[in-house]
Amino acid sequence: KNFHEKENHTMKHLILALSLAGVAVQAKPLKVYILAGQSNMEGHARIETFDYIEDDPATAPMLKEMVEADGKPATCENVWISYLTGGHKEPDKESGEGFGKLTAGYGARGANFKEIGGKIGPEYTFGIYMQKHVKEPILIIKAAWGGKSLHTDFRSPSAGPYKPFEQELVKLAEKFTEPQREKWHEEKKAKTGLCYRLMIEHVKKVLADPKRVYPAYDAGAGYEIAGFAWFQGFNDLVGPYPKVDDPETKSTAKTIKDYSEYSRLLGCFIRDVRKDLKVPDMRFVIGVLGVGGKEKNPGRDGFRKAMAAPATRPEFKGNVVAVETAPFWDEALAEIAAKRGKVKQMGYFLRSKHKNHANKDGNMDKQAQNAYLKKFREELITPKDEALWKRGASNGGYHYLGCAKTFALIGKAFADAMVK
């Protein structure tokens with residue numbers, strides 16, 4: 001009897017030991033997601049606009065995921081982030097990393113780019129919902145700088161050297177001396193591909209020692225680069241791409257451009273990221289620029305098609321998807337933004353003595369102009385408008401009005417698309 005009891009006891013310990021060994025063997029690699037782009041990937045939605053999310057019954061449940069019971073932004077215990085951002089002019093000299101558990105504050109930052117800020121971008125809800133999808137810890141590596149283009153700053157190796165567009169060459173010939181043209185070309189050469197290289201270098205730096213950012217990292221299990229989200233475009237939208245005829249009016253307009261080169265560059269970017277990070281079939285989400293919402297605009301619509309085009313190519317079928325962000329544009333806030341724009345414009349008209357406005361004869365002094373502008377504003381923008389703007393917006397239209405609701409929806413959409 002004693003012998004059998006001892007034997008059973010020994011077997012239980014053996015089974016426990018084998019079970020534990022099995023768990024170690026079967027431990028899953030840490031899921032790593034890379035987010036990159038320009039100012040809207042940085043994110044300019046202030047935390048103060050969070051409460052606006054609960055005004056819409058469709059998004060109110062999202063706010064509960066984003067804040068604690070006391071109303072403060074939630075910290076994601078199983079999501080960690082390393083965020084490289086910084087200066088706009090010379091990111092190689094001014095950029096710096098901030099890292100830690102994911103919470104609100106990993107959006108756009110000022111001079112203290114290493115410190116937690118007061119804004120969010122898509123990363124916040126991307127992390128929240130990605131973790132819910134995979135049900136295991138994840139690491140986000142984010143690299144973003146405002147005011148950057150794909151044709152220059154994020155230009156990847158296989159895209160080839162930067163080639164000035166025709167209108168750039170015309171401008172250079174008309175307005176610059178030979179020494180000035182040479183300087184322009186040298187500066188362009190130095191900037192070309194800089195952000196791409198910084199992004200790749202940062203990803204490799206983080207993955208060379210994941211434990212530095214994610215303390216619970218299991219080196220035995222390793223990591224898996226599970227996806228990449230790209231959110232960029234405004235600088236290319238207004239960039240020097242060649243003008244073309246409007247397909248409907250058949251007339252040449254400044255806002256109608258041929259963006260096919262952007263599609264080529266983005267295809268190169270996807271291939272090069274996969275090659276440089278050694279993940280041939282990396283899932284790739286393209287966040288299509290949605291500033292301005294669904295309102296028809298031939299120039300903007302043409303750019304959006306060019307952004308989404310790589311996802312339709314046979315070589316990218318099943319592992320590249322384009323996510324339209326125009327549906328997340330807040331129309332109510334946009335209407336108020338338009339009114340605010342009219343007030344700003346009126347201020348300019350008064351100062352410049354515009355012939356069709358109240359100060360055309362120049363008789364108004366500064367005090368009279370301010371009084372007129374105040375009355376104009378009060379008649380145009382209601383107290384309800386003022387309250388709604390304060391609740392939901394914190395930046396300009398090119399930054400999706402700095403609306404946390406919009407950025408939260410975009411981040412969740414990226415996560416959902418990554419899984420799908």
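Which residues in H12 are buried?

## Helix H12

In this predicted model, local features need pLDDT of at least 70 and side-chain atom pairs count only at pLDDT 80 or more, while totals for chains, interfaces and linings use all residues. Residues are numbered from 1 along each chain as its sequence is written, and side-chain values use heavy atoms, with hydrogens and water left out.

The buried residues of H12 are Leu333, Ala334, Ile336, Val343, Met346, Gly347, Phe349 and Leu350, where buried means under 20% relative accessible area, exposed over 50% and partly exposed in between (1.4 Å probe, protein chains only). Their cover includes helix H13 (366-380) and H14. H12 itself has 22 residues and reaches 31 Å from its first C-alpha to its last, close to the 32 Å expected at 1.5 Å a residue, the expected span being 1.5 Å times one less than the number of residues.

## Chain and core

The protein chain comes to 15 helices and 11 strands, taken as DSSP runs numbered from the N terminus (helices H or I, at least four residues; strands E, at least two). Buried residues make up 48% of its 420 residues. Among contacts (heavy atoms within 4.5 Å) between residues at least 6 apart in sequence, 72% join residues at least 24 apart.

The largest nonpolar core holds 108 residues, of which Met66, Met199, Phe228, Trp230 and Phe269 touch the most other members; helix H15 (residues 404-419) contributes the largest share, 10 residues. Such a core is a set of buried Ala, Val, Leu, Ile, Met, Phe, Trp, Tyr and Cys residues joined through side-chain atoms within 4.5 Å. Leaving aside residues up to four places away in sequence, Met66 touches Phe50, Ile53, Lys72, Pro73, Ala74, Ile120, Tyr124, Thr125, Ile128 and Ala408.

## Pocket and cavity

Both kinds of space are found on a 1 Å grid over the protein atoms alone: a cavity is a set of points where a 1.4 Å probe fits but cannot get out, a pocket is an open set with protein on both sides within 12 Å along at least five of seven lines, and lining residues have an atom within 4 Å of a point. Grid points are joined across faces, edges and corners, and a volume is the space filled by probe spheres set on the points.

The largest pocket has a volume of about 260 Å³ and is lined by 13 residues, with Gly292, Trp329, Ala334, Ala337 and Gly397 nearest its centre. H12 supplies the largest share of this lining, 5 residues, and by class the lining has 6 nonpolar, 3 polar and 4 charged residues. Here Ala, Val, Leu, Ile, Met, Phe, Trp, Tyr, Cys and Pro count as nonpolar, Asp, Glu, Lys and Arg as charged, and the others, Gly among them, as polar.

Of cavities of 30 Å³ or more, the whole structure has 2, and the largest cavity holds about 40 Å³ of space. Its lining divides into 4 nonpolar, 5 polar and no charged residues, with the largest share, 3 residues, coming from helix H2 (residues 39-42).

## Positive phi in two loops

Lys135, in the loop between helix H5 (123-134) and strand E6 (138-144), has a positive phi near 55° although Lys135 is a residue other than glycine; at 69% relative accessibility, Lys135 counts as exposed. Tyr400, in the loop between helix H14 (383-392) and H15, also has a positive phi near 55°, but Tyr400 is buried, with a relative accessible area of 1%.
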